[in-house]
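Notebook open, one model to go through. I'm jotting down what I looked up, helices to begin with.

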Amino acid sequence: MTATLSLLKLSQEQVREKILHTWSSAEKSWVIPIHIGPLNLSISKIEWFLFIGVAVTFLFLFFGSRALRNRPGAYQVLVEETYGFGRRMLGGQIGPEGMKWFPYTLSIFVLLLVLNLIALIPNTYPVTSNLSFTGALAILTFILTQYEGVKRHGLREYLKSWVPEGSGKLMAPALWFLHLIQEFTKPLTLAMRLYANIIAGHLIIFVFLSFILYYGIYFAVVSVPLAVVFYAFEIFVAVIQAYIFAILTQVYIELAIYGEG
């Protein structure tokens, strides 16, 4: 949007279009049409930046784990610190058996962090501001959580673990039903939290810059410094939101392992 700045003032409708341009144009940009029968599998700007994020994450973790030397360089130190962060801050939140899932949640953390940081580069696309993407990741968390719970306890015992021990016979069905609702709201809140925080951050920056389009170039004295401040804050948001998604995924899985009753 910064490329469109001009001395001309725009109408409110034109400013709105400029603010939402990143999202409205993504499905029509960089398109490689792929149609298989009725299925539209075309690749657009959204998928391209998802592929880039996945490739960067894979290369960082894969080659970092295979290029270990006795005298580590900066790259090896970064990879080792990331691995150590995963062991200390993600795995084993409730018990040691949860450690086996920290490679997965660490991969999720690195992927989301890479996607969030790429989105801060002008003219890219914020993949984590796409509800379809965050929803798919959250559904995967839900599936893995239920799988681990049933695998650990068996279906009957796992469902019984949703009711706290000592609950009366009258309260038990209500508590079980409330827990059932909670299980389905977990992926919903996971997806919405990441989506809302990332899209809100980008919109705030665009809104500040759009003041120049609406009020004129002289308003840049106010709007540009504010946009820079929020841009720096978005780096913090990129890290913290990636961590929140990963740590909650880890906790949900470990709760299923150890039972919540």
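This is a predicted model: local features need pLDDT of at least 70, side-chain atom pairs count only at pLDDT 80 or more; totals for chains, interfaces and linings use all residues.

I checked α5 (residues 102-118): at 1.5 Å a residue its 17 residues should span 24 Å, and the end C-alpha atoms are 24 Å apart, so the two agree. The expected span is 1.5 Å times one less than the number of residues. Helices here are DSSP runs of H or I, at least four residues, and strands are runs of E, at least two, numbered from the N terminus.

Residues are numbered from 1 along each chain as its sequence is written, and side-chain values use heavy atoms, with hydrogens and water left out.

Back to α5: 13 of its 17 residues are buried, so the rest of the structure largely encloses it. (Buried is under 20% relative accessible area, exposed over 50%, partly exposed in between, with a 1.4 Å probe and protein chains only.)

Next I looked up E148, which sits in α6 (residues 131-153). E148 is buried, at a relative accessible area of 3%. Skipping residues up to four places away in sequence, E148 touches K100, W101, I253 and I257; contact means heavy atoms within 4.5 Å.

Then E27, in the loop between α2 (21-24) and β1 (35-36). I have E27 down as exposed, at 60% relative accessibility. Leaving out neighbours within four places in sequence, E27 contacts S44 and I46.
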